[in-house]
Amino acid sequence: MALAQVKIEATEERLNTLDMPQEGWSTAAREDALMRLRSMGLPSRRDEYWKYTRPDTLVQPTAPDAAVLHTDEVPVFDALGRLKIVFVDGVFSADESDDLTLEGVTIERLAGATADIHWAKGLYGVLENNGQNPVERPLAALNTAYATDGVLIHVTGTPSKPINLIYRHISNSSDAILHHVLKIDKGAEVTILENGPAAARFNKCMEIDVADGAKFHHVRAQGRDHERRAATHIFARLGTESSFKSFTLTANGVMTRNECVIELTGDDAHATVAGAALGDGDFHHDDTVFITHDAVNCESRQVFKKVLRNGATGVFQGKILVKSGAQKTDGYQISQSLLLDEDSQFLAKPELEIYADDVACSHGSTSGAIDEEALFYLRSRGVPVGEATDMLTLSFLAEAVEEIEHSTLAEEINERLAAWLARRRG
Amino acid sequence: MAALDNGTETGVKEGVDQETVNAVREVGGAYKYGWSTDIEMEYAPKGLNEDIVRLISSKNDEPEWMLEWRLEAYRRWLAKTEPAWAMVDYPEIDFQDQYYYARPKSMAVKPKSLDEVDPKLLATYAKLGIPLKEQMILAGVEGAEDIDAEAPRKVAVDAVFDSVSVGTTFQDELKKAGVIFCSISEAIKEHPELVKKYLGTVVPVSDNYYATLNSAVFSDGSFVYIPPGVRCPMELSTYFRINAENTGQFERTLIIADKGSYVSYLEGCTAPMRDESQLHAAVVEIIIEEDAEVKYSTVQNWYPGDENGKGGIYNFVTKRADCRGDRAKVMWTQVETGSAVTWKYPSCILRGNESQGEFYSIAIANNMQQADTGTKMIHLGKDTKSRIVSKGISAGKAQNTYRGLVSMHPKAKDARNFTQCDSLLIGDQCGAHTVPYIEVKNNSARVEHEATTSKVDDEQLFYCRQRGIGEEDAVALVVNGFCKEVLQALPMEFAMEAQQLVAISLEGSVG
């Protein structure tokens with residue numbers, strides 16, 4: 001179907017504000033992505049896939065302003081031994097970053113890697129392109145075409161410490177586009193941490209190829225700057241007996257759309273995508289997950305919890321697609337919201353599409369207020385109402401946090417959740 | 001509807017005994033109602049335009065306001081596009097290559113009573129197992145212990161054949177109770193004030209593509225009005241039969257349950273086997289006032305097409321109930337076994353405080369069938385409750401989709417919803433899909449949704465086989481167990497037939 005004129009115009013208007021970087025090896029992939037983008041157009045509020053989230057501010061030519069949050073607290077993951085890679089408003093900061101050498105891994109920058117034959121050529125824009133079917137993700141195509149920087153991480157062994165991508169935000173009007181590519185070799189294992197608001201508006205794409213028997217761990221804490229906006233995509237391809245685990249904490253942010261597209265292509269692979277979102281007031285958070293089972297005996301889990309108050313909106317669109325032949329699939333999906341007051345809302349579309357008969361797939365979705373009986377129980381034992389509410393809220397979120405494999409990381413996340421709640425209790 | 005059989009016709013005798021199952025199997029597990037009646041028909045010219053709309057209106061002898069209503073709908077329909085979001089795939093429908101009106105010639109002058117109806121038509125319904133003679137009582141429930149032998153259960157039937165209503169039984173007895181039960185064409189003439197007041201108020205003229213089409217060209221259907229405080233003395237039912245070739249059936253049903261009333265309504269449908277697909281686009285509107293209750297049960301058994309997907313009915317139906325008054329209650333129960341393509345979402349608007357909506361569904365798709373069905377529960381009033389139990393079964397190369405919406409509006413304080421949708425896959429060529437939309441806009445509302453997909457459990461099958469039950473029967477047994485929750489919600493007349501249908505629809509799917 002031909003694109004509506006208004007969509008073409010909106011897309012071109014946005015493209016006019018961008019310059020495609022000329023980096024040698026990635027040029028062909030960028031040009032392909034631009035063609036893709038032009039054929040689908042940027043999302044509009046009438047698109048079914050954007051039914052619950054208005055894409056306007058993510059699509060408009062310039063980023064709406066977002067004030068920088070100033071706080072004295074210690075940034076998340078600071079206490080951990082890690083390799084730091086820092087981007088400030090989307091620009092790599094060599095001063096703040098560690099030396100990019102680490103055993104078991106080679107790290108290069110997208111902006112610097114000009115060699116004509118590059119390993120990332122087989123992945124850059126490739127997994128993103130695979131993820132465009134059956135549902136279009138125009139913002140990811142835009143990212144592939146116009147990303148200004150990012151990291152290319154080739155994991156060959158098991159690095160001794162996590163790699164931490166830190167996104168600092170210092171300008172009220174910054175508009176950043178970053179694209180990372182990870183290739184995890186057979187049997188290798190890596191942990192990637194991400195944190196920070198990144199920019200007033202942030203478009204980020206991460207493509208991850210997890211080879212047979214490889215493991216990928218990912219914990220991310222999106223920055224708390226209240227007015228920041230983000231559209232992020234993860235595209236992952238999983239080989240035989242590989243494992244993929246991703247957890248995202250989102251506290252605040254006026255607009256967040258996190259898409260995760262995973263394809264289980266090798267037998268006995270495992271994927272977990274989990275998230276905890278805390279929203280207060282003018283907060284819109286959207287988790288859109290699409291997991292495709294295309295191999296035998298794979299397991300996937302989606303665990304999403306949202307705590308919403310003062311008119312905050314939480315969205316979950318999750319899908320498990322089991323292709324014909326993907327027998328013995330075990331698919332699990334749960335999305336729950338806790339609405340702390342009358343003005344908040346939760347909108348969910350948990351989908352299953354199944355073409356194989358020997359599978360066990362289940363999904364659940366619930367929404368409601370704090371359990372009055374549980375609250376009464378705690379209060380009758382002398383716990384003040386504010387603390388009791390926080391305790392119940394934390395226990396509600398626990399199921400998502402438990403999906404994090406490393407206990408130190410899970411503890412770190414739990415502390416952040418508790419601190420957020422405590423700050424609101426005043 | 002075969003359970004409504006009077007027991008005298010061969011081939012439609014129903015029961016749950018093995019003998020019957022075997023008898024059915026001998027027919028090759030094929031569609032039982034695929035024969036056609038050879039009867040002289042009168043058609044409107046093929047195609048659709050304003051003249052056809054006028055013709056249908058004049059054939060029904062309608063007042064001017066009704067014609068205007070239809071023409072308005074037709075004009076709106078022209079501006080609409082066919083929806084493409086459902087997970088169904090079928091060749092483009094040529095809306096000009098259909099007949100929009102077909103009636104048996106003998107119905108040109110409406111018979112005054114059933115005695116005057118063309119015997120061929122009566123024989124058709126007898127063969128389908130529909131008693132159009134009032135002395136006949138339901139087969140299958142006779143002698144059942146919990147039924148008072150002094151007062152055999154009666155079911156009043158409105159029989160619709162292609163575009164016209166053939167006759168409605170028990171009208172006099174119902175009249176005594178104050179109940180109006182007649183064809184909608186009759187109601188437009190006899191009770192214009194009621195029709196004017198309610199028609200199109202639940203499903204507006206421009207609601208969706210097919211409802212708009214129906215509003216323009218509906219030819220007949222049933223009308224029910226239950227006055228305040230009346231418990232309808234018997235079950236009401238409409239039986240739809242498509243007989244003519246290349247003819248679409250567009251029926252319209254309007255049910256009004258006034259304050260404190262109760263009615264249980266059954267709907268059945270069949271069609272002959274034809275190589276060409278046929279269109280069926282119905283609209284059902286139900287209005288439920290304060291403290292009233294309506295139970296609407298359907299066994300949908302349109303011709304599903306052959307195993308290669310040739311022929312069959314395209315079933316595009318809009319059904320909606322509006323609980324206008326406080327404590328109004330509606331219950332939709334459906335067993336969907338037929339049709340090549342099903343596109344149907346019986347919905348509940350829970351406007352009155354403490355109103356309740358329930359939806360129980362079994363959708364079975366075999367061979368090349370495609371079903372995209374589910375419900376919408378729209379909670380507007382306080383303390384409203386809804387429950388959705390949907391069981392989808394796919395076999396052969398069929399695709400079966402549950403699509404539903406649960407919406408809690410900001411004012412629906414303390415509203416509750418529970419949704420359970422399960423899918424069962426029989427064979428590795430079919431598909432089962434779940435597309436629920438959940439919209440919660442207030443925190444006192446509690447919504448719970450769960451869904452599972454699984455295959456027929458090998459252990460359960462083994463258990464049955466071990467006890468000497470044949471493989472197909474064992475599958476039917478397991479499936480019946482899976483469907484139990486829904487089957488139990490059906491009126492008894494339907495429950496038995498539905499169980500049987502569950503077995504028949506799966507015939508040949510094992511192995």
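This is a predicted model: local features need pLDDT of at least 70, side-chain atom pairs count only at pLDDT 80 or more; totals for chains, interfaces and linings use all residues.
Two strands count as paired where DSSP finds at least two bridges between them.

## Where the chains meet

Strand β19 of chain A, residues 345-354, pairs with β23(B) in the antiparallel sense, over six bridges. Within this pairing, A:Glu353 has B:His433 of β23(B) as its bridge partner.

The contact between the chains involves 29 residues of chain B and 32 residues of chain A. On the chain B side, at least two residues each come from β22 (416-426), β23 (431-440) and β24 (446-455). By type, the residues of chain B on this side are eleven nonpolar, eleven polar and seven charged.

## Chain B as a whole

Chain B contains eleven helices and 24 strands. Of its 511 residues, 56% are buried. Among contacts in chain B between residues at least 6 apart in sequence, 83% link residues at least 24 apart.

In soluble globular proteins, nonpolar side chains tend to be buried together. The largest nonpolar core here has 263 residues, and the ones with the most contacts inside it are B:Val224, B:Ile286, B:Ile288 and B:Val294. Helix α10 of chain B, residues 471-487, provides the largest share of this core, with eight residues.

What does B:Val294 touch, leaving aside its neighbours within four places in sequence? Its contacts are B:Ile255, B:Ala257, B:Val263, B:Tyr265, B:Ile286, B:Ile288, B:Ala321 and B:Val330. Two of these, B:Ile286 and B:Ile288, are also listed among the residues with the most contacts inside the core.

## A buried tyrosine

B:Tyr225 is in strand β6 of chain B, which covers residues 222-226. Is B:Tyr225 buried or exposed? A residue needs 20 or more other C-beta atoms within 10 Å to count as buried. B:Tyr225 has 23 other C-beta atoms within 10 Å, so B:Tyr225 is buried.

Apart from neighbours within four places in sequence, B:Tyr225 is in contact with B:Val179, B:Ile180, B:Leu194 and B:Ile256. B:Ala445 lies 220 residues from B:Tyr225 along the chain, and the C-alpha atoms of the two are separated by 33 Å.

## One face of helix α4 in chain B

Helix α4 of chain B spans residues 119-128, and its buried residues are B:Leu121, B:Thr124, B:Tyr125 and B:Leu128. Viewed down the axis of α4(B), these buried residues fall within an arc of 90°, so they line one face of the helix. An α-helix has 3.6 residues a turn, so residues three or four places apart point the same way.

After α4(B) comes B:Gly129, which has a positive phi, near 90°.

## Paired strands in chain A

In chain A, strand β3 (residues 101-102) and strand β4 (residues 105-109) run antiparallel and are joined by two bridges. A:Thr101 has A:Thr106 of β4(A) as its bridge partner. Together, β3(A) and β4(A) make a hairpin with two residues between them. In the turn, A:Gly104 has a positive phi of about 90°.

Strand β4(A) is also joined to strand β5 of chain A, residues 151-155, by five bridges, again in antiparallel fashion. Here A:Arg109 has A:Val151 of β5(A) as its bridge partner.

How values were computed. Residues are numbered from 1 along each chain as its sequence is written. Chains are lettered from A and ligands numbered from 1 in the order in which they are written. Two residues are in contact if their C-beta atoms, placed from the backbone, lie within 7 Å. Helices (H or I, at least four residues) and strands (E, at least two) are DSSP runs, numbered from the N terminus. Ala, Val, Leu, Ile, Met, Phe, Trp, Tyr, Cys and Pro count as nonpolar, Asp, Glu, Lys and Arg as charged, and the others, Gly among them, as polar. A nonpolar core is a set of buried Ala, Val, Leu, Ile, Met, Phe, Trp, Tyr and Cys residues joined through C-beta atoms within 7 Å. A residue is buried if 20 or more other C-beta atoms lie within 10 Å of its own, exposed if 12 or fewer, and partly exposed in between; C-beta atoms are placed from the backbone. The arc is that of the directions from the helix axis to the C-beta atoms.
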